[in-house]
Amino acid sequence: QISNQHNAEALNLEQAFHRMAQTESNLDHDISWFLLPSYWAKMVVALISFLCFANSYDGDFVFDDSEAIINNKDLRAETPLGDLWHHDFWGSKLSSNTSHKSYRPLTVLTFRINYLFAGGFYPVGFHVINIILHCTISVLMVDVFSILLGGLQFSNKGRRLNLAPKTSLVAALLFAVHPVHTECVAGIVGRADLLCALFFLLSFLGYCKAFKENKEGHNFSIFWVLVSVILGAIAMLCKEQGITILGLNAVFDALVINKLNVLELIQKLLHKDKSLENAGLLRKGLLFRITLLMSGGASILYIRWRIMGTGPPAFTEVDNPASFADSLFVRAINYNYYYSLNAWLLLCPWWLCFDWSMGCIPLIKSVSDWRIIALAALWFCLIGLICQALCSEDSHKRRILTLGLGFLIIPFLPASNLFFRVGFVIAERVIYLPSIGYCILFTYGFSLLSKQAKKKKILTVAVLGILMINVMRCALRSSQWRSEEQLFRSALSVCPLNAKVHYNVGKNLADKGNQSAAIKYYREAVRLNPKYVHAMNNLGNILKERNELQEAEELLSLAVQIQPDFAAAWMNLGIVQNSLRRFEEAEQSYWTAIKHRKKYPDCYYNLGRLYADLNRHIDALNAWRNATVLKPEHSLAWNNMIILLDNTGNLAQAEAVGREALELIPNDHSLMFSLANVLGKSQKYKESEALFLKAIKANPNAASYHGNLAVLYHRWGNLDLAKKHYEVSLKLDPMAPGTKENYNLLRRKLEQLQKKGG
């Protein structure tokens, strides 16, 4: 750490800068607002941010949570921790062609900790952590906004001064209650954005600590600059946007610490003026600090690139249609339109949707499209703000506007499609960090209006009204994120042209057993996007179950024609062809599915069923054995092996397979039942009885379990117990095949025994 040797001179300089900052930072003087001590302001922000999202605490796992959490093997204890550093956010290997390259190992690590502490997939703990994170971030925003709006100054004792307590509170409240943050807080996968924001802010505050002994940029702590770089790296390991804090720290250093005039610097560079040192660029320490930041950032990006590999993320046209447009003009126009929509969501966060892809926002293909107005409005506002940020004679105004634009634009750059293709059209979660810039600009605008207004209290009431509306909107939106049904249905009015919305509503209905309603939404999804293979696959499945095999085959055939490597559709097509008794085609479809997904236990299971129907018993057993090797808990495959071996008289082999299966799945009552049947035929009555009774205890309403136990007792000679279980079986299922005949035989035998005994 570089230290100042001239203490007396430093004290005078500090007092002078403190007085200058108080004179210059007059934002608080112009607004009519509550002046609260710092700790009270933070408590108010924490409480209000908690109230906004508290009703999401007991929500379900919804939308992307299924893939990122429930189906993510990286959360399980049996997965080595080291795998997290080689897998993407969804648990896929980064080297895989299907990986989205979203490298967020620290976020996944927090999910894993949540899972371990909860003892399973219980969403409450996940939601509570998200709410706590947002409250913490909102509290930190009070300090961040006090620096961005009021400047960075320290007292004689080294305590940072809050020169804008009112405006920093307004900005922090606006951030805390912004409805666009709901996806990050109420959606568990939003944890990535929350953790990234937390370390992003800590990096910024750490960088500010580097100037605790600063006198106009001459003295600073290298330690805190390096801490800031490390915290930026941690932010990036939570989500990609985190790396942008290093650039923002450099901007803050130039504008606030070194009070650089950007326009003056540009003019001097253009005129090759030799007095650049006076412009602040070469002021002691600035270039060194920027070099540290940029070197650190470059090193972090290089390490990340080495881990991830050079392959680009794998996205499809439906994820981001504009990025696949052939015309550069069409791409540029639509990217800018997306920017304007993101800006509108910050200004008016009323129409919120969990997904904005798949036709939700049709492409602009001509300058005659009226939506061009949105682009013009965006750039008119941006250019106006940039001109004021560069050309205003008020240095304080220049700095606040530049910082506001910097925090608005720079964190958004990774999602802008400028450097690489992203996998979405609009994603509300990526606006979490840019909303900091929006809050700065809004609060500064509020202070300017207050300065001009005669009745400042009216403006204050208006801002309070906006905050109250946002609180209510957050609470409403959080309730919609509590369940998939509410979330998906809420999107129908916002994005009626989005095929994925209709698909998800249909899937939710199908999962609840409402197939008729699900068909309607799946058909609409296919109508809106005739190449939507997942909707075709799911619709084909439902039609298959309803025995509408012809249409099911047409849909599944079209799906695999559009996407030849769609393994699930090939398997389902094979099932339909098997039902249509076109066995050779079914076999070919199954093998095509396995070709595209080599580890596909369900497909091997269905292939085994096909071979069993064709009396190709050895092939059937091999297929089911493959299914159990790939998925040892595949109960149906184990059961079918036992039953086939039993039916073909291979009792010893059936018994061995049954015992092997029960060792792997000891609580599966269907396996107990199948093995009990085999043991009964082998005259191992006692062991068979024990398994039957255990199966009945697990599933007491299965008529076949009681019926077969009755047969065992019948063979064994325990006729009273046989009679009892026959009667229970017939009570549960009066039409049970064979049970009534066996029961009548037993009754006749009992009558004969009674006559003999009489």
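Predicted model: local features only at pLDDT ≥ 70, side-chain atom pairs only at ≥ 80, totals over all residues.

Cysteines, then. How many disulfides does the structure hold? The count is 1. Cys360 pairs with Cys495, and the two sulfur atoms sit 1.8 Å apart. Look at where the partners are. Cys360 is in the loop between α15 and α16, while Cys495 is in the loop between α20, residues 484-494, and α21, residues 499-511. The pair therefore ties together parts that are 135 residues apart in sequence. Are these two cysteines buried or exposed? Cys360 is buried, and Cys495 is too.

Now Cys381. This cysteine is in no disulfide. Its nearest cysteine sulfur belongs to Cys387, 12 Å away. Cys381 has a relative accessible area of 46%, so we call it partly exposed.

Then Cys348. The cut-off for a disulfide is 2.5 Å between the sulfur atoms. Cys348 counts as partly exposed, because its relative accessibility is 24%.

On to the surface. Which residues form the nonpolar patch? They are Trp344, Leu347, Trp350, Trp351, Met468, Ile469 and Met472. Together they have about 820 Å² of accessible area. Two helices each supply at least two of the patch residues: α15, residues 328-347, and α19, residues 456-480. Which gives the most? That is α19, with 3 residues.

Take Trp350 from that patch. Trp350 sits in the loop between α15 and α16, the latter spanning 372-391. With a relative accessible area of 46%, Trp350 is partly exposed.

Next, backbone angles. I picked two residues.

Asn417 has a phi near 70°, a positive value in a residue other than glycine. Where is Asn417 found? It is in the loop between α17, residues 395-409, and α18, residues 435-452. Asn417 is buried, at 10% relative accessible area.

Arg581 also has a positive phi, near 65°, and again the residue is not glycine. Its place is the loop between α25, residues 567-579, and α26, residues 583-596. Is Arg581 buried or exposed? Exposed, with a relative accessible area of 62%.

Ile48 is in α3, which runs over residues 38-53. Its relative accessible area is 26%, so Ile48 is partly exposed. What does Ile48 touch, leaving aside residues up to four places away in sequence? Its contacts are Leu173, Val177 and Val471. Compare Lys157. Ile48 and Lys157 are 109 residues apart along the chain, and 32 Å separates their C-alpha atoms.

Asn639 is in α29, residues 635-647. At 8% relative accessible area, Asn639 is buried. Setting aside residues up to four places away in sequence, Asn639 touches Ser670, Leu671 and Ser674.

To recap the main points. The disulfide joins Cys360 and Cys495. The nonpolar patch on the surface includes Trp344 and Met472, and α19 gives the most to it. Positive phi values turn up at Asn417 and at Arg581. Happy to take questions.

Key. Residues numbered from 1 in each chain as written. Heavy atoms only, no water. Patch = residues over 30% accessible without salt bridge, like charges linked within 9 Å, V, L, I, M, F, W, Y side chains within 5 Å. Areas by Shrake-Rupley, 256 points an atom, 1.4 Å probe, with all protein chains shown as cover. Salt bridge = Lys/Arg side-chain N within 4 Å of Asp/Glu carboxyl O. Helix = DSSP H or I, 4+ residues; strand = E, 2+ residues; numbered from the N terminus. Buried < 20%, exposed > 50% of the residue type's maximum accessible area, 1.4 Å probe, protein only. Contact = heavy atoms within 4.5 Å.
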